[in-house]
Amino acid sequence: MAARYKAAKYLEDIAESGIGDGCFTPEYVKEVDDAAKSVFSDMLKMCGANDTRDLTSDLLNKNSVSKAQLAEWLTSAVYLLDECSIPLMSYALQNVDDLKTEKIEDQKTIIKLQDEVIGKKNEVINSVKKSVTDELKSYSSVLQNTCTAVLAPKNIVSAVKTVNAEDDRSRNIVLFGVTEVEGENAKCKVTEILGKLDEKPQILDSKRIGQRAAGTIRPIKFSVKSCATVFQILRKAKRLKDIDGCKTIFIAPDRTLDERISRKKLVSELKEKRQSDPNLHYLIRKGEIVKQD
């Protein structure tokens, strides 16, 4: 601390090294702040004021305030301002400028990195676009050749017929084991049997299928309005075996030739399993033979 200020009691706790010596620390700032508060506190007390804004020259010229006291306040204030506050503000201002410069440099770096990322992104997008375009051209060529064959009028007609046939078949049911007599009414026989299952659907069509042959009972195929009705009837079909007069009758969906061949094979395998292992219960479920616990 400069020699001319050593007599000031308010400055005793302030470090003697100046701001230029690296004393811009929280501790140093607090020392300066405490010294300033001490000076102002004594001034207000001796002048009878409540706030520094109330201090006037008249109050400072009161008889109760000696010249020596005024001199000490003045020297302390000059030191705090000249040796502490102004250097601190200058140092802070320089730090703010340095921080601004660093921030600008950081922003430039960020912008540069963003440009690089965008450049890489565009490269990747262009590469993907080219790959997709090449693949689409290749696929388009293959698809065009394939569609030319698939969409031939003959193939379209065949596909439509197949779809219609499948849709019609999904609403058909076949009755096996129903006694056949000359001049019978097939619809009445179907209605009678379904009635025993508490089912009374609207029968759209019914007829015997297959060639008439001695000693053979031809099945009856009939149609209903929806496949939901078909499912409902098939779900109750197993009850027929417990109804008098219907024990030899069974109901099945309208299957294609391939489906009938596959079904026949499954039934044969089911019989073999039941014979070889009579203690277990086997059944056909979803096109497979399963064991029921």
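I looked up glutamine 69 and found it buried, because its relative accessibility is 15% and buried means under 20% relative accessible area, with exposed over 50% and partly exposed in between (1.4 Å probe, protein chains only). Glutamine 69 sits in helix H3, residues 67-150; helices here are DSSP runs of H or I with at least four residues, strands are runs of E with at least two, and both are numbered from the N terminus. Not counting residues up to four places away in sequence, glutamine 69 touches Tyr10 and Met46, where contact means heavy atoms within 4.5 Å.

Notes on the source. The model is predicted, so I kept to its limits: local features need pLDDT of at least 70, side-chain atom pairs count only at pLDDT 80 or more, and totals for chains, interfaces and linings use all residues. Residues are numbered from 1 along each chain as its sequence is written, and side-chain values use heavy atoms, with hydrogens and water left out.

Lysine 9. I placed lysine 9 in the segment before helix H1 (26-47). Lysine 9 is partly exposed, at 45% relative accessible area. With its neighbours within four places in sequence set aside, lysine 9 is in contact with Asp42 and Glu72. I also took the C-alpha to C-alpha distance from lysine 9 to tryptophan 73: 9.7 Å, for 64 residues of separation in sequence.

Whole chain. I counted seven helices and six strands, in the order α-α-α-α-β-α-β-β-α-β-α-β-β along the sequence. Of the 293 residues, 23% count as buried. Among contacts with a separation of 6 or more, 52% come from residues 24 or more positions apart.

Cores. Which residues of the largest nonpolar core touch the most other members? They are Leu175, Val190, Phe222, Leu240, Ile249 and Ile251, in a core of 20 residues. A nonpolar core is a set of buried Ala, Val, Leu, Ile, Met, Phe, Trp, Tyr and Cys residues joined through side-chain atoms within 4.5 Å. S1, helix H5 (186-195), strand S3 (220-223) and H6 each supply at least two residues of this core, and H5 gives the most, with four. Valine 190, leaving aside neighbours within four places in sequence, is in contact with Leu175, Ile203, Ile220 and Phe222. Another core lies apart from this one and has 16 residues, including Ile14, Tyr28, Ala35 and Val65.

Cysteines. I found zero disulfides, a disulfide being a pair of cysteine sulfur atoms within 2.5 Å. Cysteine 188 is partly exposed at 47% relative accessible area, and cysteine 227 is partly exposed at 48%.

The largest pocket came out at about 1,600 Å³. A pocket is an open set of points on a 1 Å grid over the protein atoms alone, where a 1.4 Å probe fits, with protein on both sides within 12 Å along at least five of seven lines; lining residues have an atom within 4 Å of a point. Points are joined across faces, edges and corners, and the volume is the space filled by probe spheres set on them. Of the 35 lining residues, Phe250, Ile251, Ala252, Arg255 and Arg263 are the closest to the centre. Strand S1 (172-176), helix H6 (227-236), strand S4 (250-253), helix H7 (257-276) and strand S5 (281-285) each supply at least two lining residues. H7 gives the most, with eight. I sorted the lining into 18 nonpolar, two polar and 15 charged residues; Ala, Val, Leu, Ile, Met, Phe, Trp, Tyr, Cys and Pro count as nonpolar, Asp, Glu, Lys and Arg as charged, and the others, Gly among them, as polar.
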